[in-house]
There are 2 protein chains.
Amino acid sequence: MNKLGVPNDEFYMKIALRLAKKGLGFVNSNPPVGAVIVKGGNIIGKGYHTRFGALHAEREALLDAKKNGFDVSGATMYVTLEPCDHYGKTPPCTDAIIESGIKRVVIAAKDPNPVSGDGIKKLMKNGIEVKVGVLENEAKEVAKFFFKYVTTGLPYVTLKYASTLDGKIADKIANSKWITQELRSEVHKLRSIHKAVLIGAETVLKDNPMLNVRLPKRKFRNPDVVVLDENGRVLKRIISDTDKFELFNPDYQRRVIIFSSKHYQNVELPEYVKVKTPESLSVENILKELAREGIDSVLIEGGASVFSQFLPYADEIYGFYATKIFGKGKSIFQHLSIPIEESEIPFEIQKIRIAKNRKELMVVMRKCSQELSSMYVKDTSMVKG
Amino acid sequence: MNKLGVPNDEFYMKIALRLAKKGLGFVNSNPPVGAVIVKGGNIIGKGYHTRFGALHAEREALLDAKKNGFDVSGATMYVTLEPCDHYGKTPPCTDAIIESGIKRVVIAAKDPNPVSGDGIKKLMKNGIEVKVGVLENEAKEVAKFFFKYVTTGLPYVTLKYASTLDGKIADKIANSKWITQELRSEVHKLRSIHKAVLIGAETVLKDNPMLNVRLPKRKFRNPDVVVLDENGRVLKRIISDTDKFELFNPDYQRRVIIFSSKHYQNVELPEYVKVKTPESLSVENILKELAREGIDSVLIEGGASVFSQFLPYADEIYGFYATKIFGKGKSIFQHLSIPIEESEIPFEIQKIRIAKNRKELMVVMRKCSQELSSMYVKDTSMVKG
């Protein structure tokens, strides 16, 4: 709305952004995108990218208008990301827009993926009025996984720990009920939007975690599970105990990717389990391998050794603190040893939430933007699906 | 104000509470008290207890009205704590109120100190209308040090730590600049309202801290300093190096109390330094000794050993976290070893503050009230000054 209460471009873009968010967790490694078609001040079509491989938001909105009997010629389309101009899993959205007779397209953010082609140029060439940059930051935020993925060739990395006030973590994460109860649903929301979660072998063996999403009354997709099994301890155990591991429960309908330095050829694994034995098990190499698997976002769930290794690669940190104290015990990042002078991490507190019981606290920290560019390795060979 | 915008009892009591707060840090071990005299809807007198030993708020307000040429007969007095009815450092406030001709007295909270006498009864006996309980909780909050002190015979204990995200504290608290910069003024405010700060010998020797208040453009009093010097290490060092210790700098105009198991008779100490060698150096005994010295509130400033010892006695915890990580290092409460099942502390998060730089976080936690009563040892032998 502008000052006179008349809907303006931002007003409609906000609706498109809200639609885009509905795709979170279902579209990876595509971006979540929303689109709204407006004619004479009325919204005549709405759509969003619902799942990987399905129609793009623009086509969904055009179909919606058609289904409702509206003629879109002369209308304006609001879309949260630049329409694609290439043949991927679906034909170019630009073609559909041009054919439809839409006269004006308002775009929040340019598509950072060179593979997508120059949609803006194509639209303009065809006499369509294009405006770019309306709620650009908000659009980049909604599609932050995609933006990092296509500009760096690495997945977006979120590190999540649950600790006592004195920075201690539980030996078993299944027992992490002890640490956060009320804020537990925040963890499940995080899982539901990431393409994968990652844990260490120690955690699998000690804890036998499910790592699935438990959100009542909500549609979701379970994330893939990545296991860092450097010495093949999990693989070795699988030989005798496959059924005992919740990890391999087929009910969760997900992939399991195990990184190991050795592979036991005699292990018979279900088809949704993949063992990877790259030459180097460095964090960077693992992240690159994950990107190759179409994983645009990974939630690091522990334990201490994994936290310590992945901290330098984290884009976001979710710290869950409970009003508990251990004193002695396992520290969140105990495998690191950082001198005071270098202890400041390039993160800013972005959001905070106190549980209703007033005994739990969530602190969301984001890597400062100036640090991002220097950190990321440029690699724009990714393909939009 | 009531719903019609007409000032009511709460309206005037709020003003009295605001006045009371001005005494914080100056009146200990007396309570901070504020008073307002209202006649025909106008405030004709205001006062507060300005410093230990000075006039009480009620007498200040009566004097203020007189000075301004007002006749208080028939007026209403709002006072945050029940007027005293005994001869302490000043004569009973009840007498002054009765003599003044004030017709109605509104009181926020009853005085928990039996020594103060039954002021309410005395006023009523003399035909004054009395109303009790207006903003009672707020009044108890302002005078929380006093309420704990007189009902338990122990000082109010605030524990303050500054740590990294992973619960690590610095080896030197003078260096704690490294941990909190923007929120540093909150620490100085805490110091300015507590009667004393307490630190361990280790911190004195390693760190030579000033422990004074640094608040630009504000009147304040430096808190007394209590040193836990179990093995007499600080005392031993004093023999050769008195001048080298900031602790004994006379400019800070404060007492220094050293708790030790041994005393070196050949140590010549300035008159504001007191060495105490009680039979037991248990925390409870130390707190009782401090109460006997008129210390109604103590801020525990570390290090790890002191934090670990005083945690069970804390009424409030101020946790300052910075977006820093040490990995290995000294933990806040590393001298404790609490199993998971018992790790929950009876504290609730009461307040949170993020620094403007978004790199620091203050978490204020208060002991849950149900736990308080069982925790406190009843001892009402305290005397209001």
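**Entry 1: the model.** I noted before anything else that this is a predicted model.

**Entry 2: domains.** I looked up how chain A is divided and found domain 1 at 9-146 and domain 2 at 153-367. I then took the distance between the centres of domain 1 of chain A and domain 2 of chain A, which is 34 Å over C-alpha atoms. Nine residues from domain 1 of chain A and 13 residues from domain 2 of chain A take part in the contact.

**Entry 3: area.** The size of an interface is often given as the accessible area lost when the parts come together.

**Entry 4: polar links.** I counted two salt bridges between domain 1 and domain 2 of chain A. I also looked at the salt bridge in which the side chains of A:Arg366 and A:Glu141 meet, at 2.7 Å from N to O. Between these domains of chain A there are six residue pairs in polar contact, both residues being at pLDDT 80 or more. On the side of domain 1 of chain A that touches domain 2, I listed three nonpolar, four polar and two charged residues.

**Entry 5: the two chains.** I laid chain B on chain A by a turn of 180° and a shift of 0.0 Å along the axis, and the RMSD was 0.0 Å. The two copies are therefore related as by a two-fold rotation axis. Which residue of chain B comes closest to the rotation axis? I found B:Gly167, with its C-alpha at 2.1 Å. The same surface serves both copies, since 100% of the contact residues of chain B recur in chain A.

Notes
Residues are numbered from 1 along each chain as its sequence is written. Chains are lettered from A and ligands numbered from 1 in the order in which they are written. This is a predicted model: local features need pLDDT of at least 70, side-chain atom pairs count only at pLDDT 80 or more; totals for chains, interfaces and linings use all residues. Side-chain values use heavy atoms; hydrogens and water are left out. Domain bounds come from an automatic or database domain assignment. Contact means heavy atoms within 4.5 Å. A salt bridge is a side-chain nitrogen of Lys or Arg within 4 Å of a carboxyl oxygen of Asp or Glu. A polar contact is a pair of N or O atoms within 3.5 Å; within protein, one must be able to donate a hydrogen and the other to accept it, and residues adjacent in sequence count only if both atoms are side-chain atoms. Ala, Val, Leu, Ile, Met, Phe, Trp, Tyr, Cys and Pro count as nonpolar, Asp, Glu, Lys and Arg as charged, and the others, Gly among them, as polar. Copies are superposed by least squares on the C-alpha atoms of residues with pLDDT of at least 70 in both.
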